[in-house]
Amino acid sequence: MKNMTEFEPRNAFEHIDKLAYEIGPRLAGTRGERAASEYIKGEFERYGLKTQVQEFRFVSRSAKLKVTSVLFAAVFIAVALLPPEFSIVAWLGALGLWRMLEKVMPKHSSQNIIATLKAQKPEKRVAVTAHYDSAQCLVNYKVHLVVKLMFLPLLAVNSIILTLHSLELIPAWPMVWVGLALVFLPVCAGMFAGGYGRKVSPGANDNASGVAVTLEVARVLSESPPENTELKFITFGAEEQGMIGAKNLASKKLLPPDTVVLNLDTVGVGSQAYIVEGNGILRKTRTSHLANRALAESIRQSGLEPRFMWAPV
Ligand SMILES: [Zn+2]
């Protein structure tokens, strides 16, 4: 008889079949995502794991793209038409409105599934995580980042133009803004159109593959638990909407700070395995150097080539 405590690739492929082909696209907030979460919960419970569902609500990325682009375009036109001395107020007002709108925009529901394998004397804590929602073909703007990156420079440009205007060093105020609008409004239009992505993906690789590995690892370890190690297996909803599920989990402080987190994403293709060293343009957020080295070693042992990468955003 086959050793049940070994990772069985066939089981992982069956999970991918179920998630990507039977259930299909799992866009956050849709029936597909809900069906996937029920399947994952059922599997965790079948392995005898204590399983909880963490519900949360979120504004979709496509709605954010549309609202943000319209608001930016509107403030641009308003600044061109208003008397120059109102321009700074118009920008600040738009930012305030943008923050407020996000609170009142229609929200969708999603959920994280959290399974726990308790240890008698937990000395180490490990969490294996993966998102189970799938992507939509939207323009890949990180809306908050776009607003942050565009707002302050635009405010600075506005202040410079205002100063030059008061010194009578530039032509008529509206003309300057019409010139800037020729550059800027197409960006807004692109962002708006980007919010209308209709195509959805079955997400076999991104990220039924990561979930399938998480489930199979959960099955194996629930049958032969490692000593003194508390294990959590977490699948996130609404990752493709801006890592909403993961942020929600972090905000509830459900993981003690000494937990080692192994997040699996798109593990299904190629002969290389990428290890994310950190993210952010300023390179402030780093993953554990020690864990990365250990991971690289076990990737090498399994016959794959480890590659390190930095995710800019
Ligand atoms: Zn992904």
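Predicted model: local features only at pLDDT ≥ 70, side-chain atom pairs only at ≥ 80, totals over all residues.
The strands considered here form an open sheet of five, arranged in the order β1-β2-β4-β3-β5 and with mixed pairing. Strands β1, which covers residues 50-58, and β5 stand at the edges, and because each has a single partner strand, one side of each is left without a neighbour in the sheet. When direction is ignored, neighbouring strands of this sheet are turned against each other by 20 degrees on average. Helix α2, made up of residues 31-46, packs on the sheet, where it touches β1, β2 (108-117) and β4 (229-236), and the direction of the helix makes about 10 degrees with that of β2.

Strands of a sheet pair through backbone hydrogen bonds, and the pairing can be either parallel or antiparallel. Strands β1 and β2 are paired in the antiparallel sense over nine bridges, and Glu55 has Gln111 in β2 as its bridge partner. Strand β2 is also joined to β4, with which it runs antiparallel, by five bridges; here Leu117 has Leu231 in β4 as its bridge partner. Strands β3 and β5, by contrast, run parallel and are joined by four bridges, and Val128 stands opposite Leu262 in β5.

Strand β2 is mostly covered, since eight of its 10 residues are buried. In strand β1, the residue Gln54 has a relative accessible area of 8%, and because this value is under 20%, Gln54 counts as buried. When neighbours within four places in sequence are left aside, the residues in contact with Gln54 are Ser110, Gln111, Asn112, Ile114, Asn248, Leu249, Lys252 and Leu254.

Aromatic residues were examined next. The structure holds seven aromatic pairs. In one of them, the rings of Phe72 and Trp91 have their centres 6.5 Å apart and their planes at 55 degrees, so this pair is tilted. Phe72 belongs to helix α3 and Trp91 to helix α4 (residues 87-104), and the pair links distant parts of the chain, 19 residues apart. Phe72 and Trp91 are both buried. In another pair, the rings of Phe76 and Phe184 have their centres 4.5 Å apart and their planes at 10 degrees, so this pair is stacked. Because Phe76 lies in helix α3 and Phe184 in helix α6 (residues 173-194), the pair ties together parts that are 108 residues apart in sequence. Phe76 and Phe184 are likewise buried.

With a relative accessible area of 41%, Ala74 is partly exposed. Ala74 and Leu27 are 47 residues apart in sequence, and their C-alpha atoms are 30 Å apart in space.

The zinc ion is coordinated by the NE2 atom of His131, an OD atom of Asp206 and two OD atoms of Asp265, at 2.0 to 2.6 Å. The four donor atoms subtend angles of 52 to 125 degrees around the zinc ion, and the arrangement is therefore irregular. In sequence, the spacing of the donor residues is H-x74-D-x58-D. His131 lies in strand β3 (residues 124-131), whereas Asp265 lies in the loop between β5 (260-263) and β6 (272-279), so the pair ties together parts that are 134 residues apart in sequence. His131 counts as buried because its relative accessibility is 2%, while Asp265, with a relative accessible area of 29%, is partly exposed.

Some details of the backbone complete the description. Asp206, one of the residues that coordinate the zinc ion, is joined to Asn207 by a cis peptide bond, for which omega is about 10 degrees. Asn207 is part of helix α7, which consists of residues 204-223. In the loop between α7 and β4, Asn228 has a phi near 50 degrees, a positive value in a residue other than glycine. Asn228 is partly exposed, with a relative accessible area of 24%. Ala238, located in the loop between β4 and α8 (244-251), also has a positive phi, near 55 degrees, and is a residue other than glycine. The relative accessible area of Ala238 is 0%, and Ala238 is therefore buried.

Conventions
Residues numbered from 1 in each chain as written. Heavy atoms only, no water. Donors = N, O, S within 2.8 Å, 3.2 Å for Na, K, Ca; no water. Tetrahedral: all angles 85-135°; square planar, octahedral: opposite > 155°, others 65-115°. Helix = DSSP H or I, 4+ residues; strand = E, 2+ residues; numbered from the N terminus. Buried < 20%, exposed > 50% of the residue type's maximum accessible area, 1.4 Å probe, protein only. Pairing = 2+ DSSP bridges. Axes fitted to C-alpha atoms, helices over the stretch in contact; angles between N-to-C directions. Contact = heavy atoms within 4.5 Å. Phe/Tyr/Trp six-rings, centres within 6.5 Å; stacked < 30°, edge-to-face > 60°.
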